[in-house]
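Please look over the sequence and the structure before reading on. The briefing below goes through them topic by topic.

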Amino acid sequence: YGLDVETLLHESVHAATEHVLRQDPKTWTPQQAAAVDELKALWEAAKQDKSITLSEPATRSMSEFFAEALTEKTIQDQLRAKPWKMYNIRKPCRTV
């Protein structure tokens, strides 16, 4: 088990996502709540789309999905090919 850049990024994204998701939603700003809603919608859409190759853990864990989506080129390419309309975020915001 060597440490490489991909593994470091994967685990960092996983930890950061878990950090936000484990917080009490009542403490989130409106922008953070909107971002979490958007990320959940993207995760749910990806799970339903059989043309997106997700690992079994990524279908059970939103943080695992985003860790894989931000570190694995195949998943990035598959997601990039899909249209996505931002439903919950109307302007750029700082989410973490």
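H4 is mostly covered, since eight of its eight residues are buried. The model described here is predicted. Its protein chain has five helices and zero strands, and the pattern along the sequence reads α-α-α-α-α. Of the 96 residues in the protein chain, 30% count as buried.

**What H4 buries, and against what**

- The buried residues of H4 are Met62, Ser63, Glu64, Phe65, Phe66, Ala67, Glu68 and Ala69.

**The nonpolar core**

- The largest nonpolar core has 13 residues, and Ala46, Leu54, Phe65, Phe66 and Leu79 touch the most other members.
- At least two residues of this core come from each of helix H2 (30-48), helix H4 (62-69) and helix H5 (73-80).
- H4 gives the most to this core, with five residues.
- In soluble globular proteins, nonpolar side chains tend to be buried together.
- Which residues does Phe65 contact, leaving aside its neighbours within four places in sequence? Phe65 is in contact with Leu42, Trp43, Ala46, Leu54, Ala58 and Leu79.

**The contact of H1 with H4**

- The two helices H1 and H4 pack at an angle of about 145°, and their axes are 8 Å apart.
- H1 passes H4 in a right-handed crossing.
- On the H1 side, the residues that meet H4 are His10, Val13, His14, Thr17, Glu18 and Leu21.
- On the H4 side, the residues that meet H1 are Met62, Ser63, Glu64, Phe66, Ala67 and Glu68.
- Sorted by type, the residues of this contact are five nonpolar, four polar and three charged.
- Thr17 is one of the H1 residues in this contact, and the helix that holds Thr17 covers residues 5-21.
- Is Thr17 buried or exposed? Thr17 has a relative accessible area of 15%, which is under the 20% cut-off, so Thr17 is buried.
- Not counting residues up to four places away in sequence, Thr17 touches Ser63 and Phe66.

**Helix H2**

- H2 has 19 residues and reaches 27 Å from its first C-alpha to its last.
- This reach is close to the 27 Å expected at 1.5 Å a residue.
- The buried residues in H2 are Gln32, Ala34, Ala35, Val36, Glu38, Trp43 and Ala46.
- What covers the buried residues of H2 includes H1, H3, H4 and H5.
- Leu39 is also placed in helix H2.
- Leu39 and Met62 are 23 residues apart along the chain, and their C-alpha atoms are separated by 8.3 Å.

**Two loop residues**

- Ser55 is found in the loop between H2 and H3.
- With a relative accessible area of 24%, Ser55 is partly exposed.
- Ser55 and Glu68 are 13 residues apart in sequence, and 8.5 Å apart in space, C-alpha to C-alpha.
- Glu72 has its place in the loop between H4 and H5.
- Glu72 counts as partly exposed, at 30% relative accessibility.
- How many residues along the chain lie between the positions of Glu72 and Glu6, taken as how far apart they are? They are 66 residues apart along the chain, while their C-alpha atoms are separated by 8.2 Å.

**Contacts along the whole chain**

- Among contacts in the protein chain with a separation of 6 or more, 59% are between residues 24 or more positions apart.

Conventions. Residues numbered from 1 in each chain as written. Predicted model: local features only at pLDDT ≥ 70, side-chain atom pairs only at ≥ 80, totals over all residues. Heavy atoms only, no water. Core = buried A, V, L, I, M, F, W, Y, C linked by side-chain atoms within 4.5 Å. Buried < 20%, exposed > 50% of the residue type's maximum accessible area, 1.4 Å probe, protein only. Helix = DSSP H or I, 4+ residues; strand = E, 2+ residues; numbered from the N terminus. Contact = heavy atoms within 4.5 Å. Axes fitted to C-alpha atoms, helices over the stretch in contact; angles between N-to-C directions. Left-handed = near helix turned anticlockwise from the far one by under 90°. Nonpolar A, V, L, I, M, F, W, Y, C, P; charged D, E, K, R; others polar. Expected span 1.5 Å × (residues − 1).
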